[in-house]
Amino acid sequence: MSTPNDASSASPVLELDDITVGYGGVPAVRGLSASVRAGEILALLGPNGAGKTTTLLATVGALPLMSGSVTALGEPIDHHIERNARRGVTLVPDTRGLFHKLSVSDNLRLAKRKNGTDLDTVFGYFPKLKTMRSRQCGNLSGGEQQMLALAKALLARPRVLLIDEMSLGLSPVAVQDLLPRLRAFADEHQMAVVLVEQHIDLALGIADSAIVLHHGRVALSASAADLRSRRDMVEAAYFGRTIEEQAS
Ligand SMILES: Nc1ncnc2c1ncn2[C@@H]1O[C@H](COP(=O)(O)OP(=O)(O)OP(=O)(O)O)[C@@H](O)[C@H]1O
């Protein structure tokens with residue numbers, strides 16, 4: 001399957017400019033800037049409570065910004081979550097958003113959109129799902145459910161896809177199976193992705209760039225290629241050593 005992208009000449013489809021966002025007036029993420037081009041994958045990494053989910057929620061407009069701005073597909077993101085989703089900014093939550101009592105087919109049917117990706121294209125990336133169309137979603141394994149959640153999101157033909165801990169509760173083998181499919185879809189459909197992931201090496205293996213958050217601040221931001229060869233820097237960032245401290 002494909003390798004990380006070289007989309008360096010294109011302009012960003014998603015830009016987070018110095019955003020600060022939090023809860024009840026208390027910032028959980030401070031001064032975060034990031035940009036993602038069409039077809040690129042940004043891995044958003046960091047320990048528990050670092051602010052990864054908060055960043056995704058702010059990016060889809062579900063949390064108001066305290067300062068800074070988010071621009072997607074050339075327009076500012078505001079609090080109209082459904083409008084942002086219709087414009088192609090889609091969040092796959094860590095709860096997966098599946099209907100457990102319905103079949104795989106019915107889950108997919110509910111996710112179909114008028115100008116979305118057609119089902120056969122999505123089945124091309126996830127042939128196993130096609131063979132389980134009549135199975136009840138609740139009886140699928142965790143990995144299969146995650147595959148379904150991802151397939152559902154792709155049916156909407158997102159231009160910017162935000163994925164919160166796709167690997168939650170999954171074995172590394174299941175994640176290893178899913179992530180290259182995501183990479184291939186992003187390449188072929190020029191979809192920008194922000195991937196929150198706890199399997200650091202697997203995420204860096206398919207990403208173009210990565211940010212490590214620690215206590216809501218950027219501890220490290222670099223190309224994934226650089227970080228694949230500097231895992232020591234990633235680990236230091238998980239323990240809160242900032243870019244400046246790492247350089248000294
Ligand atoms: N609804 C909320 N109200 C108040 N504080 C919150 C709320 N949700 C999250 N927080 C706090 O914001 C901070 C960042 O949380 P967030 O969920 O973004 O972290 P995370 O990096 O996604 O963590 P994890 O890897 O554990 O999912 C944490 O200190 C968390 O306790």
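Mentor: Start with what a helix is here: a DSSP run of H or I with at least four residues, numbered from the N terminus. E235 lies in one of those, helix α10. And keep in mind that this is a predicted model.

Trainee: How far is E235 from S171, in sequence and in space?

Mentor: They are 64 residues apart in sequence, and 21 Å apart in space, C-alpha to C-alpha.

Trainee: On to the sheet. What is the order of its strands?

Mentor: It's an open sheet of 6 strands, ordered β6-β7-β8-β3-β9-β10, and the pairing is mixed.

Trainee: Why are β6 and β10 said to stand at the edges?

Mentor: β6 (89-92) and β10 (217-223) each have a single partner strand, so one side of each is left without a neighbour in the sheet. From one strand to the next, the twist averages 15°.

Trainee: How do you know that β3 and β9 pair?

Mentor: Pairing takes at least two DSSP bridges. There are 4 bridges between β3 (residues 41-45) and β9 (residues 209-214), which run parallel. Take L44: its bridge partner in β9 is I211.

Trainee: Which helices pack on the sheet?

Mentor: Helix α1 (residues 52-59) does, touching β3, β6, β7, β8 and β9, and its direction makes about 150° with that of β8. Helix α10 (residues 231-238) packs there too, touching β9 and β10, at about 30° to the direction of β9.

Trainee: Why is β7 called largely enclosed?

Mentor: Buried requires 20 or more other C-beta atoms within 10 Å. In β7, 5 of the 5 residues are buried, so the strand is largely enclosed by the rest of the structure. V160, L162 and D164 point one way, L161 and I163 the other way, and all are buried.

Trainee: What does β7 pair with?

Mentor: β6 is one partner, parallel over 4 bridges, with V89 opposite V160. β8 is another, also parallel, joined by 5 bridges. There V160 stands opposite A192.

Trainee: What makes the span of α6 close to the expected one?

Mentor: The expected span is 1.5 Å times one less than the number of residues. Helix α6 (residues 142-155) has 14 residues and reaches 20 Å from its first C-alpha to its last, close to the expected 20 Å. R157, which follows the helix, has a positive phi, near 50°.

Trainee: And how do you know that α6 is mostly covered?

Mentor: By the burial count: 11 of its 14 residues are buried, including L148, L150 and L154. What covers them includes β6, α3, α4, α5, β7 and α7.

Trainee: Which residues touch the most other members of the largest nonpolar core?

Mentor: Of its 73 residues, those are L42, A43, L150, A151, V193 and L195. α6 gives the most to this core, with 8 residues. Leaving aside neighbours within four places in sequence, the contacts of L42 include V36, V193, L195 and I211.

Trainee: Last one: how confident is the predictor?

Mentor: Mean pLDDT for the chain is 90, and 94% of residues reach 70 or more. The complex gets an ipTM of 0.98 and a pTM of 0.91.

Conventions:
Residues numbered from 1 in each chain as written. Predicted model: local features only at pLDDT ≥ 70, side-chain atom pairs only at ≥ 80, totals over all residues. Helix = DSSP H or I, 4+ residues; strand = E, 2+ residues; numbered from the N terminus. Axes fitted to C-alpha atoms, helices over the stretch in contact; angles between N-to-C directions. Contact = placed C-beta atoms within 7 Å. Buried ≥ 20, exposed ≤ 12 C-beta atoms within 10 Å, placed from the backbone. Core = buried A, V, L, I, M, F, W, Y, C linked by C-beta atoms within 7 Å. pLDDT = per-residue confidence, 0-100.
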